[in-house]
Amino acid sequence: MSETQLRVALSLLDENRTDPLVAGAGLALKVLGNIVDAPSEPKFRTLRTSNPKVKDTLWTLRGGRLTLLAAGFVEQGEQIVMEEPLDLPRIEHVVEALKQTLVARAERDGAAKVAHAESVKAAQNEASENRSSMRLGISDDAASRREPGWKPKVSAAAAKGGSAITTATDIGASGDCC
């Protein structure tokens, strides 16, 4: 597979949610790492696609299958096989690209968590300031009510009395809603 196909596979991988991405990329890294560590061992170069772990983590993961194909695996019926001769630099390149994808995702997730925490903190600070302002207003109102000669302000509607109200403008509603 070409470099473009690897970029497409990694781009598709990056579209997955974090937990499935980490699980699928972890399995792909393990499979490819085993091949790099023991290239002459044929059991590491064959995966059954019906294997529950492979099926649930790599095959259901968007871009998971393509990533293994980009590393050099070939589909053969119910399994994928990496045939001789092995292209170890290509496999190592895919391993490194997978690691970089996981690091980039972790950095983005971390930055998103920090941004979310900052927005929550800002909202909490604003709510606290609003509460403090309301408390101050209430205490000022309570203090002014204790002053000698304080009289409640009466609205125009209350001054007219219930039966004297005949229109909406008598209670302060002008009718200009929009």
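1. A crossing of two helices is called left-handed if the near helix is turned anticlockwise from the far one by less than a right angle, and right-handed if clockwise. In this predicted model, the crossing of H2 and H5 is left-handed.

2. The axes of H2 and H5 lie 10 Å apart and form an angle of about 155°. Because angles over 145 degrees count as roughly antiparallel, H2 is roughly antiparallel to H5.

3. On the H2 side, the contact with H5 is made by Thr18, Leu21, Val22, Ala25, Ala28, Leu29, Leu32, Ile35 and Val36. H5 contributes Leu88, Ile91, Glu92, Val94, Val95, Leu98, Lys99, Leu102, Arg105 and Asp109. By class, the residues of this contact comprise 14 nonpolar, one polar and four charged.

4. The largest nonpolar core holds 28 residues, of which Leu32, Ile35, Leu68, Phe73, Met82 and Leu98 touch the most other members. At least two residues of this core come from each of H1 (3–14), H2 (18–37), H3 (52–59), H4 (64–71) and H5 (88–146). The most is given by H2, with eight residues.

5. Apart from its neighbours within four places in sequence, leucine 68 is in contact with Ala28, Leu32, Leu47, Leu58, Trp59, Phe73 and Ile80.

6. As to the overall arrangement, the protein chain contains six helices and three strands, in the sequence order α-α-β-α-α-β-β-α-α. Of its 178 residues, 25% are buried. Among contacts in the protein chain with a separation of 6 or more, 68% are between residues 24 or more positions apart.

Definitions and conventions. Residues numbered from 1 in each chain as written. Predicted model: local features only at pLDDT ≥ 70, side-chain atom pairs only at ≥ 80, totals over all residues. Heavy atoms only, no water. Core = buried A, V, L, I, M, F, W, Y, C linked by side-chain atoms within 4.5 Å. Buried < 20%, exposed > 50% of the residue type's maximum accessible area, 1.4 Å probe, protein only. Helix = DSSP H or I, 4+ residues; strand = E, 2+ residues; numbered from the N terminus. Contact = heavy atoms within 4.5 Å. Axes fitted to C-alpha atoms, helices over the stretch in contact; angles between N-to-C directions. Parallel < 35°, antiparallel > 145°, perpendicular 65-115°, else oblique. Nonpolar A, V, L, I, M, F, W, Y, C, P; charged D, E, K, R; others polar.
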